[in-house]
Amino acid sequence: MNSLQQILFLLGKDLRIELRKKESLVSMAFFGALILVILNIAAGIGKQVDADAGAGILWVAIIFSSVLGLGRVFAREKENGCVAALLLSPISPGEIFIAKVLVNFCLMLLSQLVLVPVFYVLFGSNFSAGPIALVPILLLVNLGFSTTGTLISAISAGTRRNEVLLPILLFPLILPLTALAVKATAGALAARPLTELMDQLEPMIAFCLIFSAAGYLLFPFAIRED
Amino acid sequence: MTPLNRTTFLPALAALMIPLAIGMIFFYAPLERSMGIIQKIFYFHLSLAATAFLSFFVACISGIMYLLRRQRIWDARLAASVEIGVVLTTLVLISGSLWGRPIWNTWWTWDPRLTTSLILWFIFASCLILRSAVDEEGKRASYSAVMAIIGFVDVPIVFLSARLWRSIHPTVIRSEGIGLESSMLITLLVSIVAMLIFWAALFRLRCSQHLQENALRDLQQQLQH
């Protein structure tokens, strides 16, 4: 098998487990929808939310719910000592990293298929742009979040306090990405064209590139059990 | 010099230099025209910020060196610099707030520098939490090395994203030159040097403490077997 086949093989394996158990995806979508409902009530029932506040609400729901799925990706491997088996297999740690990033990316995308419509149902009456305008921003954040998150969840899964440590370690790192995404989303919700959002999208692309490279290089040290 | 003298040399020098810097700040440097006495906080604020950033840089380098060499000394250096960096960044944020309250009329604002310092503080404080959560020495060292490197790599992006907000932070050191009177500049340089010596003293102390702690744990384990 060449490396692309190996990555796709690992990705297929994780997606198959997810399809059969449905543990991460259901909890991600459910928790995210729950946060959206709570924030809708917190914003005041019957009050209109403008594009700026709406963008913040959407990202709070997405980021918080994605952490749930992220925590499971390595915890599942650790439970039965699968990490050791993965490392013994003729697959380089870098390829494991790429496969896990893709798994997270898919999970986030699938949960957003639920969350974004729920968001529009609850808050959408005031926005001038439809959900399609958000797609480039969603894809970029998913990539940045997955690369950073995969690296950090490999670290936190090696500690005794996985669930607590993951958000504590991850949120400060992705704060700039979130801030940029909120700003870009507010612009997109106000139906501004994509070219006007390049000021935010360019640093987001840079974030994705930097953390893809850093994650790929540092992941072997985070996963190795010595 | 005997070993005892060597460990006390830097702290003793810092104990001389910091009072000297304080003395210069209050008696040598002139009173700033518009801000008055409040401007005096700037000398220590900038020195603290410079040394805090130095700590995170040292932490990143130590992290890389640890991952390459796997030597205990680099882990001790990383731990020491992250600890000192978090303390110094806390002081930077506090001293900045104290200055900002009368001058900007607010304790906090989302300016690029403030945001960057705050996020750095969060990242490296979380690195300390991570260290306290892992018991095995090797694991703790590689995990915190990865965190220190990735935290430092995050800095340019944090600064880039923080430009979203307008800046009201004064820029004293610009590319055209330094916007300070010469006596203020000398005071500033003395403060920075004093803080650097203090930093080096702290760094050495904490490093050797970490190494001693590890040696002690080794001895304990040998006794148990």
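This is a predicted model: local features need pLDDT of at least 70, side-chain atom pairs count only at pLDDT 80 or more; totals for chains, interfaces and linings use all residues.
Biologist: What pattern does chain B follow when read along the sequence?

Modeller: Residues are numbered from 1 along each chain as its sequence is written, while chains are lettered from A and ligands numbered from 1 in the order in which they are written. Helices (DSSP runs of H or I, at least four residues) and strands (E, at least two) are numbered from the N terminus, and chain B has six helices and two strands. Along the sequence, chain B therefore reads α-α-α-α-α-β-β-α.

Biologist: What ipTM does the predictor give the complex?

Modeller: For chain B, the average pLDDT is 86, and 90% of the residues score at least 70. For the complex, the predictor gives a pTM of 0.87 and an ipTM of 0.87.

Biologist: How many helices are there in chain A?

Modeller: Chain A has zero strands. From the N terminus on, its elements run α-α-α-α-α-α-α-α. The number of helices in chain A is eight.

Biologist: What is the radius of gyration of chain A?

Modeller: The C-alpha trace of chain A spans about 55 × 35 × 30 Å along its principal axes. The radius of gyration is taken over C-alpha atoms, and the globule rule is 2.2 Å times the number of residues to the power 0.38. For 226 residues this rule gives 17 Å, and the value for chain A is close to that, so chain A is as compact as a globular protein of that length. The radius of gyration of chain A is 18 Å.

Biologist: What percentage of the residues of chain B count as buried?

Modeller: A residue is buried if 20 or more other C-beta atoms lie within 10 Å of its own, exposed if 12 or fewer, and partly exposed in between, with C-beta atoms placed from the backbone. In chain A, buried residues make up 49% of the 226 residues. Of the 225 residues of chain B, the buried share is 36%.

Biologist: Which helix gives the largest share of the side of chain B that touches chain A?

Modeller: Two residues are in contact if their C-beta atoms, placed from the backbone, lie within 7 Å, and 24 residues of chain B are in contact with 25 residues of chain A. Two elements of chain B give two or more residues to this side, namely helix H4 (112-133) and helix H5 (137-162). The largest share, 14 residues, comes from H5(B).

Biologist: How many nonpolar residues are on the side of chain B that touches chain A?

Modeller: Ala, Val, Leu, Ile, Met, Phe, Trp, Tyr, Cys and Pro count as nonpolar, Asp, Glu, Lys and Arg as charged, and the others, Gly among them, as polar. On the side of chain B that touches chain A, four residues are polar and two are charged. The nonpolar residues there number 18.

Biologist: At which residue does H5(B) bend?

Modeller: H5(B) has 26 residues and reaches 36 Å from its first C-alpha to its last, close to the 38 Å expected at 1.5 Å a residue; the expected span is 1.5 Å times one less than the number of residues. The bend at a residue is the angle between axes fitted to the seven residues ending there and the seven starting there. In H5(B) this angle is about 35°, and a proline, Pro156(B), follows within four residues. The bend lies at Val155(B).

Biologist: Where does H5(A) bend?

Modeller: Helix H5 (residues 93-123) of chain A has 31 residues and reaches 42 Å from its first C-alpha to its last, close to the 45 Å expected at 1.5 Å a residue. H5(A) bends by about 35°, and the residue concerned is Gln112(A).

Biologist: Is Ala191(A) buried or exposed?

Modeller: Ala191(A) is in the loop between helix H7 (162-189) and helix H8 (198-223) of chain A. Its phi is positive, about 65°, although Ala191(A) is not a glycine. Because 12 C-beta neighbours lie inside 10 Å, Ala191(A) counts as exposed.

Biologist: What is phi of Arg70(B) near?

Modeller: Arg70(B) lies in the loop between helix H2 (41-69) and helix H3 (72-104) of chain B. With 14 other C-beta atoms within 10 Å, Arg70(B) is partly exposed. Its phi is positive in a residue other than glycine, near 60°.

Terms used
pLDDT is the predictor's confidence in each residue, from 0 to 100.
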